[in-house]
Structures are given as structure tokens and as C-alpha cells.
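Subject: Structure for you to look at

Hello,

Here is the structure I said I would pass on. Please open it first and then read the notes under it.

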Amino acid sequence: MKNRWRFSLGLIGVVALTMAALPATAAPTPPATIDEAFDELTSEWLPAAGTWEAADGVARVVQPGSSRGSILALTGRGLDQAATATVTFSAAGGGASAWAGFTVRRTGTADDYTQSGYTVLVRNSGELAVIRAAGDGQVAVLGTAQTDARPGSGPVTVTASLDGERMRVGLGGAGEATTLIDVTDAAFSGSGFALAAHRDVRMSAASVQLSGVIDRAEPVPTDCVGWSGTPATDAGRGEVLVSDARVEAVSARIAAGEQPQAFAYARLLTAADAGLERAPAPPTTFFVPFFYNDPTAHRAARDGLQNDANTAYELALAYRLSGDARYGAHAAQFIDAWTTTVECVRTREDSALAFSYHFPAFVHAAELLRGTSVWSAVSEAVFAGFLRETATPVAASILHRTNNWGSWALETTTAVAAYLDDEAGLDAANARAVELLEHQIDENGHLPEEVDRNNGVGDYGIWYTHFSLLPLFLVAETLSAHGYDVHAHVNANGRGLADAADAATGWVADPASFPYYTGDPAKLANVRTIDYLRDAGVLAHSMSYFELAQNHFPTDQRAALLAEEGPMTTIHSAPYLSLTHGGLADVTAAPGEGEPGTGEPGGGTPGGTGSPGGSSGGSSGTGPAGAPAGGSDARAIGSLAASGGQVSPAPLALAAGLSLVGLLLIVARVRRRALTTRG
């Protein structure tokens, strides 16, 4: 491996002698040097914008970043007031004015070249320049010089010598560069250093040599919502999505072999067994860059929360349905890992949005675990504190948005308010839900802020309709358990959730009927499942909220789609809706009873006349809220044991849809539950 941090032997000797001989008056350690040759991208280098990789002695931009370009920031170290920076780099792409270079005197770790510091750059035209960040996307040019350097044609080496407010810049290495630009400016005095490149350029850096290197405490980003670790011991607890009564109802349907629960349960156990092999991977700071600027970096940053929250939920659900404490204990480890590791959740770029559409799965897991022996009351109180101190403000930062961003922010704030049994929070959530329904649904039952997505092309219109309706239906479901009826709201256009769901159902049944896209219907994105995941062999539905819609507004068309798709799950907020809510409009009904019937066209919906497929009304029964945190395992005992440990012959008649292994797994776990209950 090539050299990383270089401290001279002479320096080490001096430090050792002074420490031994004069410990009370030891001289401060002289600044160190860095000679980075990029065998790999170590943890000291943070891709703050764009996707970067390092191999074979080069750090390169794989995917350029946002409109402010690509940034690879040095962390934990910075430059003293007297320092030098020498960088050898080349560039690919962009016009004559496109550039690559580096920024010194930066303040924030993620700041771009318009926010803080001085950027030394070479344009493809050969112009060498020093610019100063001026805020609001602006810069000030401090000095320029025309050179023969062409980073688009081959490597160039640039050196900047810093001496307080003065900076001298030239081509070549330290000690050999002739000064071409000499500027003095006092606007920035930070120690931060980063590689930087124009948004149209793929920069490749062969080496970074720095002298005058000092330790640097990275500043807290201005968009950071911190977490102190303080538990919430004074908060109440309320029902969110999967109540004790719902656990019992689902258990009874599994034991009776009813669908979609029987098939969905087998899938859940398979996923939960895989989850037992996973370890949580929480960050100390959660930040997700804009998706459309950098899809790869967005998914990489987002997937940690997605995977951990969804794993926690499927493990908790498997625990409550099977009684296997291994699942519950491991689910608790995922929750606790996040509340003991995360220090900051940022809100800039896609951070608040990604947090809002994945974090609720942790809330649903906690609802299932609280009050059981697998999760301590102390840990549960810490999680409740995180909800109040961090999760709520993060979601609130985008709650004003009127499109799907606002819908997902409302889902998180509603789930938190319900979990904490916060009456004022629930009142506010209901009021905001009504505001969103008033704004989002037009006279046709369509969502105008979503249907023409992808720069007006519309090929993502069905997907974004799903993406806004899923959180709205989850919000309505949670609020219904607390006495609010968002399902029945009719807006000023005479439309409500029923009409929006019916329109989406019609488009899924016949994508060619989607009026906002004139191309090949086969190119419409994520109509039933999420395409990029399906291509990778992962089944995740975009239309899973149809289970909730069918319980409240049943239609023949939607029933046919649900039967065709089978048990559905998703990656956003509430996986396994087919398992927990499919056919369960009334969780107090016995198996086979209380399922929504088929609707008559135009009947009983808010503004239902003329809506695709029609519907008839329906309401969801709710069970009691979860017990307060404690040590009893009583909540883990469901009604799978109600069959006396025997599985109904019904699932055997449907064996074509289940593997033999899945059937045996269900039978074995039901019998084990029965023995546990009898004991």
C-alpha cells in the first residue's frame, strides 16, 4: 500500500524526547504532512457531492454531483494558517469553461465552492483561477492567469501556498511552481480542504500532497437535527398500524389457512430468517444526496436506513406471529443500534425525504415490541425520546411541501404522534391531511403534482401517484384508530382518497389509459412493482396500498388486481401490508367474516360518480393500543394457537402456490406456538 499520513522520523524523535524530558513544557507538535496516492478511498475522504471511487493510484468522479459539482472532502484533518496544497489531476468532459481543482479554507464538510472557502481551478481552456465563495450560488473571482495547462488533455499539477490571508498559486509542485496568481483575502479562515470539480467534469486526481496539516473537528452541519440520547419517560403510548387486535386477527387467518395471510406469512418467515443473519449498520450522521443528481450515491446512503428499518419490522412481526423470541430480540438490536449510534440526521437534499419514507418501519417495529421481554423499558423510552427530539423535527422540515414530500413527512409525523399518543400532534396531523387532500386531488381524482413527473414527460406519473397515495393511506389508517376519518373527507373538487385510489387502480389495470403519457405504455415506470429492484430479482410493489384502499373502498377491479398480484410488500415505511391488512377491514371479525365485498360502479365513494370502477364504503375496525413498556411476554402470544396447534386443510389445498418447505415451516411454528400457549 502506498503512503498515507507521513510524519518524519526526526519529528517523531523530537516529540519522544520532549515528552520524556520536559512533559510540563513540551512544545506543540509541528503540523504533519499528507501524501495521498489513492490506492483506495479511505474513511478520511468523504464524497460530499457526486460519486467517487479510488483505485490504482487515482481518485475519480464516477458520477458528477449536483449543480454545484463534485466534492471529495478531507475529514478529521485540515490546513493550518501556513500550509501548502499540491494536487495532480486531469478532467474528462465539459466545455472550455468547465474546470477541476481544489478548495481550501472551507468551513463545512459538505460545503460547495459557492458556500465557503477559496477554490483553485484550471479550466479546460487553460485558465488558472482563484475564486471565493460568495453564497447564494455565487462566487467572486480573485485572480486569473492564462496557461498552457489542459486538464482535459492530460494531468496538470497545481500548488497553492497559504500564509494567513495570503495565497500564491502556480503550476508545478511545491518548491518549483512559479507564482502566477497572488491574492490576499480575509473572508474565510477555515481549515477544510477538498477536491472539487465542475458539474460537467469527471475529475481524476493522481495525488494530493499537503503540508501544514492539523487536526480538524468537523463542524456540525447547519441542517443537522441532533440527538442527545435523552429518553422520553413522560410520553404516552398509542396505536400506530399493527395493534394487538390486528396481530390476533392475522394469526387467526394464518391458522385457518386464509389468503393472503397464509402465503404472506411464509414469505415473512423466509425474510425474517435472513434478517437474523444481518447486522445493523447505522451511521453517526444520516445524509442522502439528491436522487436525480446522483442516483447511485443516493441509493447507497439511503439503503442503510431502508434495510435496517425494514429488517427490524419484519423481525418484530415474525416474533409477534410466531412467538420465536430470536426474531424479537434481533429486531430490538436494530432499533437500539440506531438510537445509540446516530448523532445527527440532516435535512438537506433528499435526507429528510428518505428519512420520512423509511423511518416509520422502525416505529411499526417498536409498536410490536414494546411491552415484551425482548425489549427493555429503558431502551423503549430512549427510542421514544428519539421520536420526539429528532424524528419529528426532521419530518417537519419538509411538512410544508404539497407533493409526495409533504405526504411522506406527514406519514412520519403521524406515526410518531400516534406512537406517543400525542393528542395535539394527532390533531395537527389530521388538519394537515385534510390540507393535502384539498390541494393534491383534482376534479378527476388525479394528483396533478405527480402525474406528469419526469420533466413533464409523464412516464413516471403512475409511480409518483402511488408514491404519494401510499403515505396518505397510511396516515388515514393510523388516524382512524384515534377517531379521525380522513377516508371520508371530500375536498372542494368533490373528490377524496377513494377517487384517487380508483383512478390509480384503473391505470394499473390498463396502463394505456393513463392520459398523461403518449409513449409506449410498456415504458411507464413502476406501475405495479419497482423496476430497478425487479430487475435485480427483488419483489417490491409500488401499489401495496391497494390493500388499504380495498378495505375502505372495495371495487371489483381492485379485487381482481389484488388476486392477480398475490401477497404484496414494499420497501417504503410499511412492508407486508397484504399480511397485516389484506382482507381485514374488521379486525374483530372471525376468519372468513368481515372481508370487504365487491363494489358497485359509482356507489358510496366521496365524489364517487364517474370514478373508475366505483366503490362502496367501508371502515376499519381497530383494536386497543399497545401495552406500556414492561417485562411481560403476554403480547407475544397470538391466536395461531387457537387452532389447537393444527393448521386448517385450506393451505394444503393451495399447495401449488407454496413450497413444501414453506408449508412445513408454517405447520412447525404453529404447533410450537400451541405448545408455548399451553405451557
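This is a predicted model: local features need pLDDT of at least 70, side-chain atom pairs count only at pLDDT 80 or more; totals for chains, interfaces and linings use all residues.

Helix pair

Helix 4 spans residues 295-322 and helix 5 spans residues 325-341. Their axes come within 7 Å and cross at roughly 150 degrees. Angles over 145 degrees count as roughly antiparallel, so that is how helix 4 and helix 5 lie to each other. The crossing of the two is left-handed. On the helix 4 side, the residues that meet helix 5 include Gly304, Leu305, Asp308 and Tyr319; on the helix 5 side, Phe334, Ile335 and Trp338 are among them. Sorted by class, this contact has twelve nonpolar, five polar and one charged residues.

Nonpolar cores

The largest nonpolar core has 125 residues, of which Phe359, Phe362, Phe383 and Leu579 touch the most other members. Helix 11 (residues 461-480) gives the largest share of this core, twelve residues. If neighbours within four places in sequence are left aside, Phe359 is in contact with Leu305, Phe383, Phe386, Leu387 and Ala391. There is also a second, separate core of 45 residues, with Trp45, Ala54, Val61 and Tyr118 among its members. In soluble globular proteins, nonpolar side chains tend to be buried together.

A loop residue

Is Ala217 buried or exposed? Ala217 counts as exposed, because its relative accessibility is 71% and the cut-off for exposed is over 50%. Ala217 sits in the loop between strand 16 (202-215) and strand 17 (224-226). Its C-alpha atom is 7.8 Å from that of Arg77, although Ala217 and Arg77 are 140 residues apart along the chain.

Regards

Methods
Residues are numbered from 1 along each chain as its sequence is written. Side-chain values use heavy atoms; hydrogens and water are left out. Axes are lines fitted to C-alpha atoms, for helices over the stretch in contact, and angles run from 0 to 180 degrees between N-to-C directions. Helices (H or I, at least four residues) and strands (E, at least two) are DSSP runs, numbered from the N terminus. Angles under 35 degrees count as roughly parallel, over 145 as roughly antiparallel, 65 to 115 as roughly perpendicular and the rest as oblique. A crossing is left-handed if the near helix is turned anticlockwise from the far one by less than a right angle, and right-handed if clockwise. Contact means heavy atoms within 4.5 Å. Ala, Val, Leu, Ile, Met, Phe, Trp, Tyr, Cys and Pro count as nonpolar, Asp, Glu, Lys and Arg as charged, and the others, Gly among them, as polar. A nonpolar core is a set of buried Ala, Val, Leu, Ile, Met, Phe, Trp, Tyr and Cys residues joined through side-chain atoms within 4.5 Å. Buried means under 20% relative accessible area, exposed over 50%, partly exposed in between (1.4 Å probe, protein chains only).
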